[in-house]
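Have the model open as you read.

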Amino acid sequence: MSNIYVLPTDQKRCYDSYGQEMPCAGSGQDGELGIGLGEPIFRFAELDPGMVQDELTALVWPRKGVSFEFALRFEEALEHIRDLNQEGFLGFNDWRLPNRRELRSLISHGRSRPALPTNHPFTHVQQTWYWTSTSSAMYPAYAWTVHLAGGRMFWNRKDQISMVWPVRGESTVLPRTGQRGCFDALGKTVSCFGTGQDAEFQKGAAWPQPRFERTEEGVVDRLTGLIWREMVNQEPGLLTWSQALDTVAKLRQETGMDWHLPNINELESLVDASQSSPALPHGHPFAGNPEVLWSSTSSGFEPDWAFGLYLHKGAVGVGHKRAARFAVWVAR
């Protein structure tokens, strides 16, 4: 199996559909399975002056969780990054607005307010939305933002405002987002040169070609090493979260294979930020296109909710566990 370019979610506990903590053993939840890259004992290293290196991803962030005191529009945020580089912010001139995977790499799905790992060294982190450099493929006049209070990721119109937290450095464990075009605030295609947008830099590990391989066991994602069922949501109708977990447990029993309900980072690893409806890589072999998929990851903000992937958009949201509104896709 290849290297697994899926970060751990940092969820260590398990919760029932009412948000009550429960034993993890046999639950099939994220807190039991703990799938993802192994974390270093000490994840963050403080660097002078005022920077922090994430030892898991090798990315470097300012220790202060905002580089500008006020929220900015998307193009203002990109201009702000150019100003930081011109002035040599913290001694460097290679800062950039993080892409959606870079900013999400900081999220701890087991925590909230802020949704950052235990004992993180950051200060002044705002409990609100932060810009990424990645535009929405469905609506390019919008760009992806990450909510630092609870860990959701959704789009914001580029003429609206969000906070800015720059990044620098290279990561070999975060895959590229797949975005290959740049867009202005009206959603019109522009030359990427000098924009500071995701597609100008295309940071992250390159995807293998071809990315997917059909086998007798399922479809292998050669980027992550995960195996997925070819049919998305083979079960009829939409399910509650507990029904989703029960469905996967039944499948394991019937097939004798170690299928599981994927955690939210496993699901998000499939997203191609250049595509929508579904937000999956061009030429993917999967059949079925439900709107939202359950993950095995409870919300650290409100544990009677769980994270889900909006397959049409590529967004990361949450759903109430007792509502039968999401579909199921399984992985190994």
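Is Ala58 buried, partly exposed or exposed? With a relative accessible area of 33%, Ala58 counts as partly exposed, because that value falls between the 20% limit for buried and the 50% limit for exposed. Keep in mind that this is a predicted model.

Ala58 sits in the loop between β4 and β5 (60-62). Its phi is near 75°, a positive value in a residue other than glycine. As a rule, most residues other than glycine have a negative phi, and most peptide bonds are trans. You'll find Asn119 in the loop between α3 and β7, and at 72% relative accessibility it counts as exposed.

Then there are the cis peptide bonds. The bond from Asp48 to Pro49 is cis, with omega near -10°, and Pro49 belongs to the loop between β3 (44-47) and β4 (51-54). The bond from Arg113 to Pro114 is cis as well, with omega near 0°. Pro114 is in the loop between α3 (100-104) and β7 (129-135).

**Disulfides**

How many disulfides does a search of the whole structure find? It turns up two. Here they are side by side:

| Pair | Sulfur–sulfur distance | S-S torsion |
|---|---|---|
| Cys14 and Cys24 | 2.1 Å | about 110° |
| Cys182 and Cys192 | 2.1 Å | about 110° |

The torsion of about 110° makes the Cys14 and Cys24 disulfide right-handed. Cys14 lies in strand β1 (residues 14-15), while Cys24 is in the loop between β2 (21-22) and α1 (30-33), so this pair ties together parts that are 10 residues apart in sequence. Cys14 is buried, at 1% relative accessibility.

The Cys182 and Cys192 disulfide is right-handed too, given its torsion of about 110°. Here Cys182 comes from strand β11 (residues 182-183) and Cys192 from the loop between β12 (189-190) and α4 (198-201), 10 residues apart. Cys182 is buried with a relative accessible area of 0%. Cys192 has 18%, so it still counts as buried, because the limit is under 20%. If you number the bonded cysteines of the protein chain in sequence order, the pairing reads 1-2, 3-4.

**A buried glutamine**

What does the side chain of Gln11 reach at 2.7 Å? That would be the backbone oxygen of Ser298. The Gln11 side chain also reaches the backbone oxygen of His109, at 3.1 Å. Gln11 lies in the segment before β1 and is buried, with a relative accessible area of 4%. Beyond its neighbours within four places in sequence, its contacts include Asp30, Gly31, Gly110, Ser296 and Thr297.

**A run of hairpins**

Last stop: strand β17 (residues 305-310), where five of six residues are buried. On one side, β17 pairs in the antiparallel sense with β16 (residues 292-298) over four bridges, and the two form a hairpin with six residues between them. β17 also pairs with β18 (residues 315-320), again antiparallel, over six bridges. That hairpin has four residues between its strands, and Gly314 in the turn has a positive phi of about 90°.

Definitions and conventions: Residues numbered from 1 in each chain as written. Predicted model: local features only at pLDDT ≥ 70, side-chain atom pairs only at ≥ 80, totals over all residues. Heavy atoms only, no water. Disulfide = S-S within 2.5 Å. Buried < 20%, exposed > 50% of the residue type's maximum accessible area, 1.4 Å probe, protein only. Polar contact = N/O pair within 3.5 Å; in protein donor to acceptor, adjacent residues only side chain to side chain. Contact = heavy atoms within 4.5 Å. Pairing = 2+ DSSP bridges.
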